[in-house]
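Biologist: Can you walk me through this one? Keep it short, please.

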Amino acid sequence: MTSQPRGPGTRAARGGEGRKKALDAVTQPIVCTATYAFDSTAEIRDHFEGRIQREEYGRYGNPTVRTAERKIAELDGAEDCVLFSSGMAAATTALLALLKSGQHIVMTSDCYRRTRQFVSTMLPRWGIEHTFVEPGDNKALEAAIRPGKTRLILAESPTNPYLRVADLPRLVAIRNRHPGVKILIDSTFATPVNQRPLEFGVDLVLHSATKYLGGHNDLLAGSLSGKASLISGLRDLRGILGGVLDPHAAYLLLRGVKTLDLRVRRQNETALRLASWLEVHPRVERVFYPGLPSHPDHEAAARQMSGFGGVVSFLVKGDLDAASRFIDATTLPIIAPSLGGVESLIEQPALMSFYELTTEERRAIGIFDNLVRLAVGIEDAGDLIADLGNAFAVSEIP
Amino acid sequence: MPVPVRIPTPLRRFTGDRAEVSVEAAEISSVLDRLFEEYPGLRSHLLNEDRTLRAFVNIYVNDEDIRFLDGLKTPVGDGDSVSIVPAIAGGAR
């Protein structure tokens with residue numbers, strides 16, 4: 001695809017797919033096969049000599065998955081994309097590919113807990129060291145780089161749960177000063193509609209496709225996008241580690257991604273409206289949303305994102321129980337982990353993700369007991385505001 | 001500085017049976033260019049028409065796949081060694 005880049009709506013609906021598909025269908029078939037037949041031994045030789053392009057075995061590739069990969073590559077503005085069975089399969093495969101014993105990774109600390117756990121408890125088993133830095137502290141990030149040893153800078157943008165936005169041009173400038181370092185951005189919360197890190201010169205973009213790309217809370221998947229040769233290496237490692245995506249899930253992902261632009265634009269609008277409403281609500285202590293001028297990264301976000309996303313985090317006035325009572329009084333959002341789908345989801349990170357820690361231990365890592373994370377779906381904003389407003393009213397202690 | 005380049009068994013017939021050759025180059029694309037000047041038979045087995053690496057061929061600097069470094073622009077210097085390795089049959093594309 002070397003023609004003029006198309007808009008995100010077209011890329012979502014039509015990207016990665018030709019006009020003509022198998023059997024004159026308008027949609028891609030779900031190719032359920034564990035393995036692939038060769039017509040003859042000559043075809044095997046042609047395959048291994050690279051004279052023909054075809055599949056060989058289910059763990060190395062699948063046509064339905066490949067179509068979804070091409071669509072997401074086009075959305076990310078990438079040469080290629082490789083899909084995995086989950087965001088964590090994508091993340092761990094990338095880390096295992098890019099880091100070896102004696103090397104070092106720098107990552108920002110406001111991030112998905114499981115990624116943090118892999119870096120801090122698993123990678124050291126193989127002699128891979130790490131440094132965590134506060135998001136927004138680019139001086140500390142650059143100071144943490146160890147010449148010859150640091151191979152990767154990893155950051156979510158926006159982060160989970162405080163929606164900190166990484167200054168991508170600044171990170172790329174830092175990377176350019178240090179040969180051998182690559183940047184991996186987890187852009188799940190942004191989506192390719194709002195932010196395309198590769199356009200800034202980032203090396204790899206990760207999405208938990210479970211969230212916005214799939215968009216319907218009905219599949220798990222993960223994607224990595226970047227230059228063709230880098231993706232080729234990651235695809236090879238996927239073939240060894242085995243974190244492949246089932247073709248049924250790939251079809252659901254293909255189907256869901258088609259409406260990505262529509263859904264995300266709606267979610268952007270609703271989230272901004274909700275964030276603004278929450279910010280002046282008497283029962284709310286503070287709101288975290290990059291679209292609000294009060295957010296520490298509002299300017300960076302406005303420069304590099306075309307929308308601020310669908311997740312709004314806020315502190316309910318009171319303690320752990322006050323936030324829990326509020327959540328229990330809602331009726332429209334579903335109480336569940338995850339985000340990005342058409343149904344709004346609500347959760348209390350202290351309970352859902354940090355349950356085993358004490359209040360003090362949570363505060364020490366920046367998680368407040370009264371923090372609520374709302375992942376806005378595609379319900380009408382008025383209905384969500386009415387429901388949250390009612391929940392505040394009925395959960396107030398008389 | 002001369003850089004040692006390990007040649008896989010199936011390609012040694014193009015290097016006079018040598019398992020290892022030496023070239024003077026500062027990055028992988030120059031390593032390949034020097035290699036093809038000395039041993040022209042190697043070219044069509046390693047590169048496609050568009051100068052991308054052929055399927056099922058991987059190049060390592062020390063023990064790192066160049067796809068995870070800088071691809072054909074990966075620098076090589078004093079103390080580095082290059083290996084051309086056929087990918088394990090199955091799964092390289």
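Predicted model: local features only at pLDDT ≥ 70, side-chain atom pairs only at ≥ 80, totals over all residues.

Biologist: Okay. How many strands form the open sheet in chain A, and in what order?

Modeller: Seven strands form it. The order is S1-S7-S6-S5-S4-S2-S3 in chain A, and the pairing is mixed.

Biologist: Which are the edge strands?

Modeller: Strand S1 (80-84) and strand S3 (129-133) of chain A. Each of them pairs on one side only. On average, neighbouring strands of this sheet are turned by 20° against each other, direction ignored.

Biologist: And how do S2 and S4 of chain A pair, parallel or antiparallel?

Modeller: Parallel, over four bridges. S2 covers residues 104-108 and S4 covers residues 150-156. Val106(A) has Ile153(A) in S4(A) as its bridge partner.

Biologist: New topic. Which residues touch the most other members of the largest nonpolar core?

Modeller: Ala94(A), Leu253(A), Val312(A) and Val31(B), out of 122 residues in that core.

Biologist: Where does this core lie?

Modeller: Between domain 1 (80-245) and domain 2 (260-395) of chain A, because both give residues to this core.

Biologist: What is Val312(A) in contact with?

Modeller: Leaving aside neighbours within four places in sequence, its contacts include Ala271(A), Leu278(A), Tyr289(A) and Val376(A).

Biologist: Last one. How many residues of chain A are in contact with chain B?

Modeller: 13, and they are in contact with eleven residues of chain B. Helix H9 (228-241) and helix H4 (87-98) of chain A each give two or more residues to that side. H9(A) gives the largest share, six residues. By type, the side of chain A that touches chain B has six nonpolar, five polar and two charged residues.

How values were computed
Residues numbered from 1 in each chain as written. Chains lettered and ligands numbered in written order. Core = buried A, V, L, I, M, F, W, Y, C linked by C-beta atoms within 7 Å. Buried ≥ 20, exposed ≤ 12 C-beta atoms within 10 Å, placed from the backbone. Domains from an automatic or database assignment. Contact = placed C-beta atoms within 7 Å. Nonpolar A, V, L, I, M, F, W, Y, C, P; charged D, E, K, R; others polar. Pairing = 2+ DSSP bridges. Axes fitted to C-alpha atoms, helices over the stretch in contact; angles between N-to-C directions.
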